[in-house]
Amino acid sequence: MAAAGKRSLAELSLDEFLAAGSESEPDDGSEEEEEAVRPAKGAAGQRREGGKTRQPLQAPPAARKKGKASEHKDQLSRLKDKDPEFYKFLEENDRTLLNFDASDSSDEEEEGLHIPPDTLEEASDEDEEEEHETVKRKRVSFIPVSLKMVEEWKKAAERGLTPKLFHEITQAFKASVATTKGDNGGTDPSKFQVTDAAVFNALVSFCVRDLFRCLQKLLLLKTPKNKLKVVLPSTSPLWSKLRLDVKVYLGCAIQLLSCLTEASVAAAVLQHVSSIVPYYLSFPKQCRALLKQAINLWSTGEETVRVLAFLVLNKICRYKKEVYLSPLLKQMYIAFVKNSRFTSPNVLPMINFMQRTLTEMYALDTHTSYQHAFIYIRQLAIHLRSAMTIKKKENFQSVYNWQYIHCLYFWCRVLSTIYPSEVMEPLIYPLTQVIIGCIKLVPTARFYPLRMHCIRALTLLSENTRTFIPVLPFILEVFQQVDFNKKPGRMSAKPINFAVILKLSSANLQEKAFRDGLIEQLYDLMLEYLHCQAYSIGFPELVLPTVIQLKSFLKECKIANYCKPIRQLLEKLQENSAYISSRRQKATFGVASRESVEQWEKQVKEEGTPLTKYYTQWKKLREKEIQLEISGKERLEDLNFPEIKRKKQDERKEEDKKEFKDLFELDSDSDEEGVGFPIKGKAKAKQASDDSSEASSKDYGEDDDEEEGRYEIEEDEEELEDDSDSDEEGKEPARVSQRSQKQRSCTRGMSRSDLEQLAQGDEDIVEDLAFSDDD
């Protein structure tokens with residue numbers, strides 16, 4: 001095996017190589033020699049063997065001390081002797097490989113691996129931005145704007161606006177708007193700087209009031225003859241010089257709108273924006289940003305701001321209907337739904353405003369409106385279907401909420417406003433079915449307020465589209481479900497406002513206010529629905545089930561306050577029915593003649609019926625009541641209930657001592673004078689008052705408990721008086737004993753009614769005591 005170890009590695013077989021490695025370790029000299037020879041042969045052999053390389057044996061630790069770079073240099077020097085052709089090839093083609101620097105080889109590698117520091121310093125983006133900003137600030141020197149400069153600009157603009165002057169004013173306006181958010185909105189900074197609030201107000205006021213009036217003169221724009229058409233400023237020959245500055249100004253105006261919190265300032269800026277809408281129409285990107293901001297103000301702003309924002313939206317859509325109407329309707333509807341989640345007396349007018357204004361937007365183009373209405377009514381129907389099939393709480397809540405109810409009423413308002421329209425008319429039936437399905441989903445007494453809202457939506461749709469919708473069965477059903485004769489479980493001084501609630505609590509159902517409000521709501525709903533049918537030729541047959549139901553209710557109900565309005569409504573229905581019957585008896589046409597029937601109904605409607613005349617009077621009074629409810633004024637303010645002021649027990653005792661000071665002094669003078677009824681009565685009264693105070697403290701100081709305590713004091717005094725009569729004759733005066741004997745003799749001969757009357761007469765003493773306590 002020794003001979004095998006002297007042979008080269010290429011000549012050894014696998015078994016010989018393994019045997020040689022296991023028997024003995026090669027010495028250091030031979031290993032170094034093999035390490036030195038192997039790279040030289042390998043470099044030359046790579047060309048001969050077609051790129052095949054062999055893995056060298058791993059050197060022991062002693063051999064690894066030598067640097068890799070120095071070893072490689074030695075190999076290259078040996079390569080010059082072993083393979084001069086390849087060495088010459090390297091000199092010609094890759095000189096840098098031979099002349100490399102070996103200074104970083106052995107010494108540094110022998111010291112060990114490099115240990116990185118614990119924290120690495122990195123160049124952050126913020127540092128780069130700060131350096132970038134500082135460079136910009138060094139380059140740009142800001143010019144502070146003063147009131148004098150604003151006045152000079154104003155006078156120069158009045159004399160004649162020039163493109164250069166407009167550019168300076170626009171840059172100053174940009175600088176003033178940048179102060180509202182504290183940055184430049186990602187744009188290049190202006191050369192001006194506004195730091196004073198007075199300068200800001202003066203500059204913004206000048207731009208809003210006068211700047212574009214002067215710009216209009218500069219562009220020489222003609223006023224259009226047709227108001228529906230608008231002359232764009234881009235038609236002016238000077239537009240190319242002013243275009244970029246106008247674009248900057250319009251963007252700054254939108255940014256200013258988004259920052260304003262004062263309603264009066266926002267209203268002034270919106271009026272200015274509304275006057276320069278043609279300029280926004282020349283820039284589609286700025287126009288879309290304006291629409292987005294105007295929708296936000298329309299749905300969340302103050303009342304005046306909402307109106308002005310709607311005027312901006314309406315003006316843009318009237319001029320560019322085909323471009324902006326469809327996306328605008330979608331965004332406005334989403335904003336309406338988002339902001340109608342909660343309803344209160346203060347929020348309800350804003351929701352009604354959004355419904356009316358959005359309806360006006362949908363009326364601009366019926367074909368576009370039909371596409372939106374079809375999609376959104378279908379969504380409402382899908383929610384209802386899932387609630388009817390999957391009867392879970394989450395599905396019910398997706399239907400029985402304010403957003404769903406407001407959407408139903410909104411689409412009824414849209415179809416009622418756009419009628420007559422052949423495009424929108426097919427949506428009346430599916431919308432009616434969705435509302436009826438919503439009523440029938442949970443037909444319990446707890447959701448009567450929601451039923452009232454749905455009935456009002458159906459009444460609105462039926463009245464304005466001249467479509468018969470069977471609403472009365474949902475109203476009359478309530479008379480059968482609620483027992484109005486049942487004694488209320490609890491009393492409530494505050495009435496229930498059905499306009500701002502969807503469901504009632506179990507406690508509300510037990511209150512008297514629930515039945516009072518329910519009768520009032522049923523009366524209103526029947527009158528509102530039947531007055532729009534009052535001129536119909538079939539009115540007598542239409543109200544016959546209602547008349548029968550109301551008569552049955554009046555027969556069973558024992559409460560006069562509930563019977564009075566229902567009886568009044570019944571009389572008006574019967575009177576109107578008799579009037580229609582008498583009028584149609586004189587008619588000469590048949591039932592099949594539809595044109596004659598419509599003509600007859602139109603004539604009766606113009607002349608008026610007893611029910612319609614009564615409805616107009618009732619409506620005026622009812623609107624005043626609704627305005628009071630919306631404004632948050634309760635009806636109980638006119639009742640002027642007395643305010644009960646309770647005094648503390650200690651204060652009462654102190655006042656009693658001051659008032660009856662003489663009595664206490666007499667009791668303390670002598671024991672002889674105090675013998676008899678006054679002393680014993682005082683002691684008993686004191687004990688009873690202590691007991692009553694304890695009882696009242698347990699019951700949180702209620703007045704009833706104190707009154708019961710006082711009645712107990714009287715009973716103790718009467719018993720005391722009887723006991724004093726049975727004492728020895730020497731301890732009391734003679735007149736007291738005679739009086740007691742007379743009273744005893746009288747009581748023996750009295751009947752039960754006389755005794756009750758006598759017991760009631762003792763209440764005078766209680767009133768005197770109560771009067772003294774209050775004083």
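**Notebook: Arg466 and other sites**

I looked up the accessibility of Arg466: at 73% relative accessibility, Arg466 counts as exposed, where exposed means over 50% relative accessible area, buried under 20% and partly exposed in between, computed with a 1.4 Å probe on protein chains only. I note that this is a predicted model, in which local features need pLDDT of at least 70, side-chain atom pairs count only at pLDDT 80 or more, and totals for chains, interfaces and linings use all residues. Residues are numbered from 1 along each chain as its sequence is written, and side-chain values use heavy atoms, with hydrogens and water left out.

**Backbone entries**

I placed Arg466 in the loop between α23 (448–465) and α24 (472–481); helices are DSSP runs of H or I with at least four residues, strands are runs of E with at least two, and both are numbered from the N terminus. Arg466 has a positive phi of about 55 degrees, although it is not a glycine. I then turned to a proline. The peptide bond from Tyr419 to Pro420 is cis, with omega near -5 degrees. Pro420 belongs to the loop between α21 (402–418) and α22 (428–441). I recorded both entries because most residues other than glycine have a negative phi, and most peptide bonds are trans.

**The chain as a whole**

I counted the secondary structure of the chain: 37 helices and two strands. Of the 775 residues in the chain, 36% are buried. I also looked up contacts, which require heavy atoms within 4.5 Å. Among those between residues at least 6 apart in sequence, 70% join residues at least 24 apart.

I found Leu219 in helix α11 (residues 197–219). Its relative accessible area is 3%, so Leu219 is buried. With neighbours within four places in sequence left aside, Leu219 is in contact with Pro233, Ser236, Leu238, Trp239, Leu242 and Tyr279. Pro237 is 18 residues from Leu219 in sequence, and the two C-alpha atoms are 7.6 Å apart in space.

I next examined Ser234, in the loop between α11 and α12 (239–259). Ser234 has 35% relative accessibility and therefore counts as partly exposed. Not counting residues up to four places away in sequence, Ser234 touches Trp239 and Ser282. I noted 9.4 Å between the C-alpha atoms of Ser234 and Pro278, which are 44 residues apart along the chain.

**Aromatic rings**

I listed 22 aromatic pairs in the structure; rings of Phe, Tyr and Trp (its six-membered ring) pair if their centres lie within 6.5 Å, and planes under 30 degrees apart count as stacked, over 60 as edge-to-face and the rest as tilted. The rings of Phe166 and Phe212 are edge-to-face, because their centres are 6.4 Å apart and their planes stand at 80 degrees. This pair links distant parts of the chain, with Phe166 in helix α10 (residues 163–181) and Phe212 in helix α11, 46 residues apart. Both Phe166 and Phe212 are buried.

Phe212 also pairs with Tyr279: the ring centres are 4.9 Å apart and the planes are at 85 degrees, so this pair is edge-to-face. Here Phe212 of helix α11 is linked to Tyr279 of helix α14 (residues 277–281), 67 residues apart. Tyr279 is buried, as is Phe212.

Elsewhere I noted a cluster in which ring pairs link Tyr333, Phe336, Tyr362, Tyr376, Phe410 and Trp411. I also recorded that Arg318 lies over the face of Tyr319, at 5.8 Å from the ring centre; the criterion is NZ of Lys or CZ of Arg within 6 Å of the ring centre and within 35 degrees of the ring normal.

**Helices α16 and α18**

I looked up how helix α16 (residues 303–319) meets helix α18 (residues 348–362): their axes come within 11 Å and cross at roughly 10 degrees. Axes are lines fitted to C-alpha atoms, for helices over the stretch in contact, and angles run from 0 to 180 degrees between N-to-C directions. The two helices are therefore roughly parallel; that term covers angles under 35 degrees, with over 145 roughly antiparallel, 65 to 115 roughly perpendicular and the rest oblique. From α16 the contact uses Glu303, Arg306, Val307, Phe310, Leu313, Asn314 and Cys317, and from α18 Met350, Phe353, Met354, Thr357, Glu360 and Met361. By class, these are eight nonpolar, two polar and three charged residues; Ala, Val, Leu, Ile, Met, Phe, Trp, Tyr, Cys and Pro count as nonpolar, Asp, Glu, Lys and Arg as charged, and the others, Gly among them, as polar.

**Asp524**

Asp524 counts as buried because its relative accessibility is 2%. Leaving aside neighbours within four places in sequence, Asp524 is in contact with Arg456, Trp618 and Arg622.
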